Amino acid sequence: MCVENQTSPTELVLLGFGQVHLIKPVLLSMVLLIYLIILTGNFLIIGLITTSPRLSSPMYFFLCNLSSCEIIFTANIMPNMIYVMWSDGGIISLGGCITQFYVYSSSGSAECLLLTVMAFDRYLAICNPLRYSSVMNFKTCCHLVVWAWLSGFIGMFIIIITISNLQFCGSDVVDHFFCDLEPILHLSPSDTSLVEMEVLVYAMVMGLLPFLLIILSYVVIFCTIFRIPSNIGRYKAFSTCSSHLASVCTYFGTILILYLLPSRQRSLEINKILSLCYTVLTPLLNPIIYSLRNQEIRACLESVIYFIFPGSNKQCTKTQ
């Protein structure tokens, strides 16, 4: 509990990565370049999907929402992280810190659910192709997407209310480059067991359960693919879900390492590096994965290049 002469801090100090003067220009340039690549890649995917009739299937509708989610996720953390790295530390208000954690965790939860919806979409397309068009219609797609977004942001809001009711006094130092849950709870002398219980239940429902559903979906998908008699048929079936599977592995792999392994057995610097992988490298990989491994997106991207540099035929035309 706070004593009488202690007041709640209005501003917090983000320490960032500490003293990295020797490599700061290189590290800062790399992070800035990665952020620009993430924004460019995701905006390019959204632009191609919204303007190309060839990319009008439910899979690309979900991918468009996934890219939107990653833009929100990275825009919430990376600009302030770049400022903290540039200044060897930064100042953020207590309310801003809690808000950053809310947007970070909510958009991450929405991404988990969107990846689960995409797994369900691939399951229907490969295992029940005759029912795919009737089940995965536009109305169903919209309902699934709205459910994913609302579940992530409304569910996390309950935890944020509990965190806001905690007392904060004493230390105003956050030894991290953004406001994650553990650094925030370290600032409070209050009993945080209720928050930790809520976060555990939330993580089980919004993280572990979707991951298990994705694993189950792919077990059934692989069993169906292996029953396809021709090698060409198996390759075509697997190619339709390979990008999503790669995205799931990179996203949930870092989550499992960062949040399920005991953090107290790791140093603060190791935790920062793992958080950096989750907040920077994983969002970087998704646009690359979907751009390089998806033939239709590559074809549409080539058509844009052909439009800018005339002399070649467009490939991204409606194929109905």
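Q: Is Arg122 buried or exposed?
A: Arg122 is buried, at 8% relative accessibility. Buried means under 20% relative accessible area, exposed means over 50%, and partly exposed lies in between, with a 1.4 Å probe and protein chains only.

Q: What kind of model is this, and how are residues numbered?
A: This is a predicted model, in which local features need pLDDT of at least 70 and side-chain atom pairs count only at pLDDT 80 or more, while totals for chains, interfaces and linings use all residues. Residues are numbered from 1 along each chain as its sequence is written, and side-chain values use heavy atoms, with hydrogens and water left out.

Q: Back to Arg122. Which side chain does it meet in a salt bridge?
A: The partner is Asp121, with 2.8 Å from N to O. A salt bridge here is a side-chain nitrogen of Lys or Arg within 4 Å of a carboxyl oxygen of Asp or Glu.

Q: And is Asp121 buried or exposed?
A: Asp121 is buried, with a relative accessible area of 0%.

Q: Why can such side chains pair?
A: Side chains of opposite charge can pair when their charged atoms come close.

Q: How many salt bridges does the structure hold?
A: The structure holds one.

Q: Changing topic: how many helices and strands does the chain have?
A: There are 10 helices and three strands. Helices (H or I, at least four residues) and strands (E, at least two) are DSSP runs, numbered from the N terminus. From that end, the order of elements is β-α-α-β-α-α-α-β-α-α-α-α-α.

Q: What about the chain totals?
A: Of the 320 residues in the chain, 47% are buried. Among contacts with a separation of 6 or more, 79% join residues 24 or more positions apart, where contact means heavy atoms within 4.5 Å.

Q: Where is the kink in α5?
A: The kink in α5 is centred on Ile158 and amounts to about 25°. The bend at a residue is the angle between axes fitted to the seven residues ending there and the seven starting there.

Q: What length does that helix reach?
A: Helix α5 (residues 138–164) has 27 residues and reaches 39 Å from its first C-alpha to its last, close to the 39 Å expected. The expected span is 1.5 Å times one less than the number of residues.

Q: What happens at the start of α5?
A: A side-chain oxygen of Asn137 reaches to within 3.2 Å of the backbone nitrogen of Lys139.

Q: Which residues of α5 are buried, and what covers them?
A: The buried residues include Cys141, Leu144, Ala148, Trp149, Gly152 and Met156. Their cover includes α2, α3 (94–127), α6 (181–186) and α7 (193–226).

Q: Where does α7 bend?
A: Helix α7 bends at Met204, by about 35°. Its end C-alpha atoms are 47 Å apart, which agrees with the 50 Å that its 34 residues should span.

Q: What are the surroundings of Met118?
A: Met118, in helix α3, is buried with a relative accessible area of 4%. Beyond four places in sequence, Met118 touches Met59, Phe62, Leu63, Leu66, His244 and Tyr290. The C-alpha atoms of Met118 and Met59 are separated by 6.6 Å, although these residues are 59 apart along the chain.

Q: Where is Cys64 found?
A: Cys64 is found in helix α2 (residues 58–87) and is buried at 12% relative accessibility. Leaving aside neighbours within four places in sequence, Cys64 is in contact with Ile46, Ile49 and Thr50. The C-alpha atoms of Cys64 and Thr50 are separated by 8.0 Å.

Q: Last one: where is Ile255, and is it buried or exposed?
A: Ile255 belongs to helix α8 (residues 231–260) and is buried at 17% relative accessibility. From its C-alpha atom to that of Gly108, 147 residues apart along the chain, the separation is 9.9 Å.

Key: Polar contact = N/O pair within 3.5 Å; in protein donor to acceptor, adjacent residues only side chain to side chain.
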